[in-house]
Amino acid sequence: RKALPGLPAPRKVKITSSEFIGSAKSIHYCPPPRYVEIAVIGRSNVGKSSLINSLTGNKKLAAVSKVPGKTRSINHYLIDGNWYLVDLPGYGYAKVRKTEAFGWHKATQQYFLDRKTLALVLLLVDSSIPPQDVDLDCAYWMAEAKIPFLLVFTKSDKSKKGSPKPQENIKTFLRTLSLDWENPPAHVTTSSFKGQGMPELLTYLSQVRSLYKDEVKQGFWTQARQKETVKKFGKKTAGDRRPGHKAKAKGKK
């Protein structure tokens with residue numbers, strides 16, 4: 001179980017209990033911000049529910065739907081009685097209302113910017129298909145908003161006929177980010193079906209929770225969020241990358 005250097009040692013890695021707490025249409029109806037929160041976001045049909053169930057070892061925790069875009073609320077799951085795993089509405093699915101299809105669901109953006117107990121976002125990316133602009137735009141938006149995040153590549157066990165292999169798609173995604181970023185963000189490759197990457201991901205989450213608790217005790221988590229954790233999980237250069245802006249290779253105009 002590889003740990004990220006520069007972060008506290010992992011503590012209590014394995015999840016022993018998990019329960020659904022409730023759904024909220026906006027941040028105002030979320031549970032009181034008592035515990036550290038780790039959110040999960042990704043394009044619709046990326047496998048959020050499957051990853052949550054595999055991560056917690058609870059196959060019935062999050063409902064797995066065959067219809068993309070079913071998660072429309074902020075769903076809180078209490079883990080081990082002391083932290084929240086938060087399932088956020090997916091993005092990029094054409095059959096939701098047009099006001100919701102672009103970028104973020106309104107409640108999601110509000111959650112990212114205003115939820116004080118948010119320690120990390122797991123940005124899920126489907127590795128069975130070539131990189132999608134909407135996922136790249138999401139990564140850039142988070143970096144610019146100083147939201148600490150970890151790239152989680154899903155479906156590494158699946159390959160589509162005529163398409164590149166998952167590992168090739170992952171390399172292309174990271175190579176695209178490297179055109180504008182000082183260093184690519186940390187990432188983990190997973191398969192919910194085979195359980196690949198879950199021990200490593202659990203270790204990372206334990207480290208982040210430890211960092212959050214240590215910094216809160218010292219009274220400057222907001223500052224840490226903007227500096228220390230962002231540096232570890234997603235620091236970009238001062239390039240003007242915005243949603244819709246195409247990355248340019250270095251040395252080209």
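Q: Which residues does S191 touch, not counting residues up to four places away in sequence?
A: This is a predicted model, where local features need pLDDT of at least 70 and side-chain atom pairs count only at pLDDT 80 or more, while totals for chains, interfaces and linings use all residues. Residues are numbered from 1 along each chain as its sequence is written, and side-chain values use heavy atoms, with hydrogens and water left out. Touching is a contact, meaning heavy atoms within 4.5 Å. With residues up to four places away in sequence set aside, S191 touches S156, D157, Q196 and M198.

Q: Is S191 buried or exposed?
A: Buried means under 20% relative accessible area, exposed over 50%, and partly exposed in between (1.4 Å probe, protein chains only). The relative accessibility of S191 is 0%, so this residue counts as buried.

Q: Which residue has its backbone nitrogen 3.1 Å from a polar atom of the S191 side chain?
A: S191 is found in the loop between β7 and α6 (198–218). Such labels come from DSSP runs numbered from the N terminus: helices are H or I with at least four residues, strands are E with at least two. The nitrogen lying 3.1 Å from the S191 side chain belongs to the backbone of K194.

Q: In what order do the 7 strands of the open sheet stand?
A: The chain comes to 8 helices and 7 strands. Two strands pair if DSSP finds at least two bridges between them. The pairing in the open sheet is mixed, and the strand order is β1-β3-β4-β2-β5-β6-β7.

Q: Which strands stand at the edges of the sheet?
A: A strand at the edge of this sheet has a single partner strand, so one of its sides is left without a neighbour in the sheet. The strands placed like this are β1 (18–24) and β7 (187–189).

Q: How many bridges join β5 to β6?
A: Strand β5 covers residues 118–126 and β6 covers residues 149–154, and they run parallel. One example of a bridge pairs V121 with F149 in β6. The number of bridges joining β5 to β6 is 6.

Q: What angle does the direction of helix α4 make with that of β5?
A: Axes are lines fitted to C-alpha atoms, for helices over the stretch in contact, and angles run from 0 to 180 degrees between N-to-C directions. Helix α4 (residues 133–144) packs on the sheet, touching β2, β5 and β6. Its direction and that of β5 make an angle of about 165°.

Q: Which side chain makes a polar contact with the side chain of N75?
A: N75 lies in strand β3, and at 11% relative accessibility it counts as buried. A polar contact is a pair of N or O atoms within 3.5 Å; within protein, one must be able to donate a hydrogen and the other to accept it, and residues adjacent in sequence count only if both atoms are side-chain atoms. At 2.4 Å, the partner of the N75 side chain is the side chain of S23.

Q: What distance separates the C-alpha atoms of A62 and K48?
A: A62 is found in the loop between α1 (48–56) and β3. A62 counts as buried, with 3% relative accessibility. A62 and K48 are 14 residues apart along the chain, and their C-alpha atoms are separated by 8.7 Å.

Q: How many disulfides are counted?
A: C30 is buried at 10% relative accessibility, and C138 is buried with a relative accessible area of 5%. A disulfide is a pair of cysteine sulfur atoms within 2.5 Å. By this rule, the number of disulfides is 0.
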